[in-house]
Amino acid sequence: MENSKTVEKKQQRIGNREQNLQALIPRLHIFFYAALSLLVLGPLLKPGYVFLLDYVVGPHPRFLISGDAALNSWPLFKLLYALSKIVPSWFIQKLVLFSILFTSGMSMHNMVPVKSRGARYFAGTLYMINPFVFARLQAGHIGLLLGYSITPFVVSAFLRLLKEPDLKKGIKAGLWLTILAIFSIHSLFVLLILILGIGVFGWTKRRDHAYLKRLGKGVVSLLLLFLILSAFWLIPFIFGRSPITSIDVRHIKDFETRPDGQYGVVFSVAGLHGFWHTQMFNLKKTVPVWPFLFLVILAFVVYGLISAIKDEDTRSPATVLALTAVIAIPLAVGTASWAIKDAWLWMFVHVPFFKGYREPQKFVALVAFSYSYLGAIGIDTLGRYLNGKNKTGVMRQSPTAVALLAVVAVVIYTYPMFWGLGGEIRSVDYPDSWYKANEIIKGDPSEGKTLFLPWHLYMPFRFNHVYRVVANPADQFFERQVITGDNLELEKVYTTSTDPTSQEVEGLMAKGRNGRSIGAGLIDLGVSYIVLAKDYDWRKYRWLYREKKLTKVFETSKLTLFKIRK
């Protein structure tokens, strides 16, 4: 027989374990979204570099801002550059990708105004795992996705300011808005539509003098802080330092939202699909039941909207979010639909800054936000209803089952996203010949530039896991200054570059193809070496082997290094 002290100690241990478990449950979502993020990235976490369409890094990242680009990301680039001096750049790249996924789930999980943990998991999972995020990760649109990931934090800060306005809440909202602008101007302008709508709707409900006075102080503090902290990019942006100055109607067709021949472009965009690039993973083909799964998710969203309208606390943001989604869908469809095309083109020409959305599918970010928020309310309300109907018996777990089924539907909807973004992307390293060329160039006491060929801004590389088009990584790899192609080579637009060096190089390439010597021109540009990567259309540059001013330093099956004789 156990004595009373032994029994008491056992009971105490059991009680401690139960207390620890109860304390852990509210934090389980942290492990959940971390695990989801790791499952999405999977093989990408191995040492090596990940080559995405617009996001490539190398051992010597520069994080340069082109001459016509906005300066908003300068602080982010400086931070990443500083980190690259401490840890390998490939590790930073994976940290960025993980942060996007993890923050997306966590921010939406914490934002939604529901008590049900299952509903929160639905919101965070949907905001993190969906076709929009999948496509943008493959495309390497890191700034846009960083802005997307913190959008719930920004909206939460603004809602708190609107509910109980004061100076402190205005400052917090201003800081979040500043961080969002650093990540992505596209996210900033898209979110301002939502914030303005919530603000106007909330203001119409409360017009008492004391409230409006406090709100005015909070909004003024928000705007002043944002304008002061963002002046470094806002002033140049207003006075013309912006990539939209080189955008015109020729770009529209190349970046048009991808239509859906079976279900129509509007239904496709409403389902968070429609990214313009044709070489991306075909998610719809892999998940043929996507329309059914989308309708299941949409049912929770609609039910959530109906429920939220009945609740005074959630009526304003829910109504604005629903209206925002209704507006965002046709904006994202753009010229892909004849019914919207003329109105969209008019806005493209006449509305300030709208040219920045030559690729209209970016507006789908607002749709994903609305679905996550409203869907969580729907699941929470349905769960409470079922809980009231089934207080006893085997059906008492039905609210949990509903939430679980909703999360499973979301995961299946975009399941190819797991384990390496459809399996088309892996961590790889640059060829040994690239490293050898870099050592030779670096060891040359002359401080000349290196010209990298073939001359393309985007091209496929054989050493990558899949032979797919990515941004030219040469300026991220070589330690010395590199001149690389900056030509878009779209169907309607060859280039938007105004760099005189690029124009000089293209002129020299034309001369070389016609059998004329380019040595003197290269010397005038300060070029000491030419790296010819044997990828894509490199055979078009065989005339380099006949150039009298070039000496072949070494050659492999992957690369040839030439030195200019002066």
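Colleague: Is Ser 37 buried or exposed?

Modeller: First, a caution: this is a predicted model. Ser 37 has 0% relative accessibility, so Ser 37 counts as buried. The cut-off for buried is under 20%.

Colleague: Where is Ser 37 placed, and which residues is Ser 37 in contact with, leaving aside its neighbours within four places in sequence?

Modeller: Ser 37 sits in helix H2, residues 28-41. Set aside the neighbours within four places in sequence, and Ser 37 contacts Phe 98, Leu 101, Phe 102 and Met 128.

Colleague: Now two helices. What describes a packed pair?

Modeller: The general idea: take the angle between the two axes and the distance between them. Here, look at helix H15 (residues 312-333) and helix H16 (residues 338-350). Their axes come within 9 Å and cross at roughly 90°. H15 and H16 are therefore roughly perpendicular to each other.

Colleague: Which residues of H15 and H16 meet?

Modeller: From H15, Pro 330, Leu 331 and Val 333. From H16, Ile 340, Trp 344 and Met 347. By class, this contact of H15 with H16 has six nonpolar residues, no polar ones and no charged ones.

Colleague: On to strands. How many residues of strand S7 are buried?

Modeller: Seven of its seven, so to speak of S7 (residues 527-533) is to speak of a mostly covered strand.

Colleague: In which sense does S7 pair with S3, and in which with S9?

Modeller: With strand S3 (residues 449-453), S7 pairs in the parallel sense, over five bridges. With strand S9 (residues 559-564), S7 pairs in the antiparallel sense, over five bridges.

Colleague: What is the bridge partner of Leu 453 in S7?

Modeller: Leu 532. Leu 532 also stands opposite Thr 560 in S9.

Key
Residues are numbered from 1 along each chain as its sequence is written. This is a predicted model: local features need pLDDT of at least 70, side-chain atom pairs count only at pLDDT 80 or more; totals for chains, interfaces and linings use all residues. Side-chain values use heavy atoms; hydrogens and water are left out. Helices (H or I, at least four residues) and strands (E, at least two) are DSSP runs, numbered from the N terminus. Buried means under 20% relative accessible area, exposed over 50%, partly exposed in between (1.4 Å probe, protein chains only). Contact means heavy atoms within 4.5 Å. Axes are lines fitted to C-alpha atoms, for helices over the stretch in contact, and angles run from 0 to 180 degrees between N-to-C directions. Angles under 35 degrees count as roughly parallel, over 145 as roughly antiparallel, 65 to 115 as roughly perpendicular and the rest as oblique. Ala, Val, Leu, Ile, Met, Phe, Trp, Tyr, Cys and Pro count as nonpolar, Asp, Glu, Lys and Arg as charged, and the others, Gly among them, as polar. Two strands pair if DSSP finds at least two bridges between them.
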